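Here are my notes on the model you sent.

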Amino acid sequence: MSLPPPTPRNRAVITGASSGIGEALAEQFAAKGYSLILVARREDRLAALADRLAEQYKVTAEIRVCDLADPAARLILAAELSTLDVAILANNAGYATYGDLSTLDRTRELRQVELNATAVHHLTLAVLPGMLERKAGTILITGSTAGNQPGPGNTTYAATKAFANTFAESLHSELSGTGVGCTLLAPGPVRTEFAEAAEVSNLDKLVPGPLWVSAEDAARQAIDGLERNKRRVVPGPFAKAQTLGGLYGPRGVAGPLLRRVYRKVK
Ligand SMILES: NC(=O)c1ccc[n+]([C@@H]2O[C@H](COP(=O)([O-])OP(=O)(O)OC[C@H]3O[C@@H](n4cnc5c(N)ncnc54)[C@H](OP(=O)(O)O)[C@@H]3O)[C@@H](O)[C@H]2O)c1
């Protein structure tokens, strides 16, 4: 199974395309000739990226300004996507919060579940019937190594990424033989605006510099995984080690250990 070839009609839809991994995915899909629908909230960023990619790669690049944590706004986008020939859906938008759950802003926690889990579910449900009918298409879901084990002090994020990881891997197997693929991208530390969005400033001090992966590398490995319909893509040696520990280590050890790590995140 490979990616459906780009056509003038079909689209690669990337959520969270205004920065980081999503922006890198958008550029790399455009370089492969895919016309794009770029989704995020920051219209200026999306518009500048769409103009640049359309000019540079001679593709169509449309934008959809959408707060994916808002069920009403998301419904409009999902309804539109269900009518389009979506070759690739990259469910990538997401953010984290750090701190003990009871101390965190309640609305921000609720919105995190809407964005990191419900929106992934919703947009996937919107495009899947069309993909299955066409027997073509692929879905990328950006989960995280954070979803492999408990994450005290990062509780909502860890739980939403556990949803994303399990949803992607379940769908991957369920879709076997249909012509439609699903791949999980489960990164560890990637240099993006993730820390700013989480409103923390010392994440980069907790993991040594060389162990961080660039957004471009994460996107490249994700697209390679989509092309080969891989179940899970884990970019970089640090994330691979985290994954081994998280999936095969005792959860009774992971919880207290990560509690100490996440207490240091400020
Ligand atoms: N960086 C890491 O270390 C790391 C590690 C593991 C997993 N991840 C995952 O990778 C994905 C991409 O994150 P990133 O690292 O590239 O971070 P980023 O640079 O902060 O990008 C996050 C993207 O999500 C969009 N977004 C946030 N809230 C949104 C909302 N309510 N509606 C629509 N779009 C929204 C942002 O755009 P607007 O603000 O313009 O809406 C932005 O484009 C996320 O799912 C993240 O959890 C990242």
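**Notes on the predicted model**

1. Leaving aside residues up to four places away in sequence, Leu36 touches Arg11, Ala12, Ile14, Ala26, Phe29, Ala30, Leu53, Val59, Ala61 and Glu62. The model is a predicted one.

2. Leu36 is also one of the residues with the most contacts inside the largest nonpolar core, together with Val13, Ile14, Ala26, Leu38 and Ile88. That core has 67 residues. Helix H4 supplies the largest share of this core, eight residues. Another core lies apart from it and has eight residues, including Ala96, Ala146, Tyr157 and Leu258.

3. Helix H4 spans residues 106-134 and helix H5 residues 155-174; their axes come within 9 Å and cross at roughly 5°. Angles under 35 degrees count as roughly parallel, and H4 and H5 are therefore roughly parallel to each other. On the H4 side the contact is made by Glu109, Gln112, Val113, Asn116, Ala117, Val120 and His121. H5 contributes Thr156, Tyr157, Thr160, Lys161, Phe163, Ala164 and Phe167. Sorted by class, the H4 contact with H5 has seven nonpolar, five polar and two charged residues.

4. The chain as a whole has 10 helices and nine strands. Of its 266 residues, 45% are buried. Among contacts with a separation of 6 or more, 73% are between residues 24 or more positions apart.

5. On overall dimensions, a compact globule with 266 residues would have a radius of gyration near 18 Å, and the chain agrees, at 18 Å. Along the principal axes, the C-alpha atoms fill a box of roughly 50 × 40 × 35 Å.

Conventions. Residues numbered from 1 in each chain as written. Predicted model: local features only at pLDDT ≥ 70, side-chain atom pairs only at ≥ 80, totals over all residues. Axes fitted to C-alpha atoms, helices over the stretch in contact; angles between N-to-C directions. Helix = DSSP H or I, 4+ residues; strand = E, 2+ residues; numbered from the N terminus. Parallel < 35°, antiparallel > 145°, perpendicular 65-115°, else oblique. Contact = placed C-beta atoms within 7 Å. Nonpolar A, V, L, I, M, F, W, Y, C, P; charged D, E, K, R; others polar. Rg over C-alpha atoms; globule rule 2.2 N^0.38 Å. Buried ≥ 20, exposed ≤ 12 C-beta atoms within 10 Å, placed from the backbone. Core = buried A, V, L, I, M, F, W, Y, C linked by C-beta atoms within 7 Å.
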